[in-house]
Amino acid sequence: MAAAAAPGGRAGGSGWTWRPVACDALLARAFHSSTELGGRFYLVGGLLAGGATAPSSDTVLFDPAGAQAVRLGAQGSAPRSHHDAAPVDGRWLCIVGGWDGSRRLAAVAALDTERGAWEEWKAAPGNCPPAGLSSHTCTRLSDRELLVAGREGGVRTQRRYGNIYALKLDPGARTYCYKEEGCRTSSRSGHSAALIQTPGPHPGHQLLLFGGCNSAEPEVAGQWSHGKIKEQPPVAPHLTEQLARLVSSGKGARQGPRGLRHHSCSVVGPFVVLFGGESLTRARDTICNDLYIYDTRKSPSLWFHFPSADRGLKRVGHRTCLWNDQLYLLGGFGEDGRTASPQGKQQELYKDFGPFLPYLECKVRGSKSDDIFKPSLDTKVVPFSNTVVYKF
């Protein structure tokens, strides 16, 4: 198996790494959304540099099969960062909330991927929206319903909130409608959400929230009995098997990372995979490069922590996407919290822990698909760059 490595060891940690698969300046952004739709990743908005207050308004289409990124010339796009997104009906990419450079929004905008144009959907009668959303999560329950959890407060107060909203969508009418749920969670922002199947004789679904506050425990934001949730997660048998092998080499713990926010989160079978982020518990060196795996196969669920010694792997405000049995890392700021990554990476898990040949695959935009760089044993390995797509 291939891997990008740092001198003297693996680029990631024991048994895992991120392998560069594409390099393009269009991917250099953080606090964007990255959504798989039709076998392609749609990267929307985000901040192009640390300290920027005006978010980007562009949409980038990344093809993981060809490792190519292009700017989508869709009309009607608006600047947005710290938002979330979800695919609807296999056609629309719905952008929920976010920061537009002057205020936080609760509105819904949709990219019609068939027409290649953005649409501003209208609020339906009875809509009861939150005051404004940023650093929240938006989880797809069906083609007609999303669940929105947490958010930052006003620009002046910067509080966090634990409100939960059901968001009903009507693609035919181009409308949306918020309704606040009766339950609440701990106040949080910059967290992640994972819809998982619950084990046991009567399986159902749970929506778990991770991080975004000082707690180390995931919190249940929703629970449904068997058959209520029709959403089917992507099938990833090979990656699931690799993750099972990786956690079998570690020691599980009941407690997870404390005070982690703006990390990435992907569900792979019974595993929830968290990477990077910013620690609320550190006074300095707050950007992380740790891999956390939450194993839900048994009750109680266990955490597995796989740290990395490579500071070049530090990421915050990035995204991961699961496609074709592989996990991709896109964008994010690096160790300095200011430099956006133009790389895309693929995560890689090792079958063994013996010595290996460093191997960097970086398909540059405009190059042939087989135009790759294979260093020999005496070649100086290229350091982890924040302009590349990475694959696990």
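Mentor: There are 13 aromatic pairs in the structure. Rings of Phe, Tyr and Trp (its six-membered ring) pair if their centres lie within 6.5 Å; planes under 30 degrees apart count as stacked, over 60 as edge-to-face and the rest as tilted. This is a predicted model, where local features need pLDDT of at least 70 and side-chain atom pairs count only at pLDDT 80 or more, while totals for chains, interfaces and linings use all residues. Residues are numbered from 1 along each chain as its sequence is written, and side-chain values use heavy atoms, with hydrogens and water left out.

Trainee: Why is the pair of phenylalanine 210 and tyrosine 294 called edge-to-face?
Mentor: The centres are 5.5 Å apart and the planes make 75°, so the pair meets the limits of within 6.5 Å and over 60 degrees.

Trainee: Which strands does this pair link?
Mentor: Phenylalanine 210 is in strand β18 and tyrosine 294 in strand β24, 84 residues apart. Strands (E, at least two residues) are DSSP runs, numbered from the N terminus.

Trainee: Are phenylalanine 210 and tyrosine 294 buried or exposed?
Mentor: Buried means under 20% relative accessible area, exposed over 50%, partly exposed in between (1.4 Å probe, protein chains only). Phenylalanine 210 has 2%, so it is buried; tyrosine 294, at 10%, therefore counts as buried too.

Trainee: What makes phenylalanine 31 stand out in its phi?
Mentor: Its phi is near 60°, a positive value in a residue other than glycine. Most residues other than glycine have a negative phi. Phenylalanine 31 lies in the loop between β3 and β4, and its 14% relative accessibility makes it buried.

How values were computed:
Helices (H or I, at least four residues) and strands (E, at least two) are DSSP runs, numbered from the N terminus.
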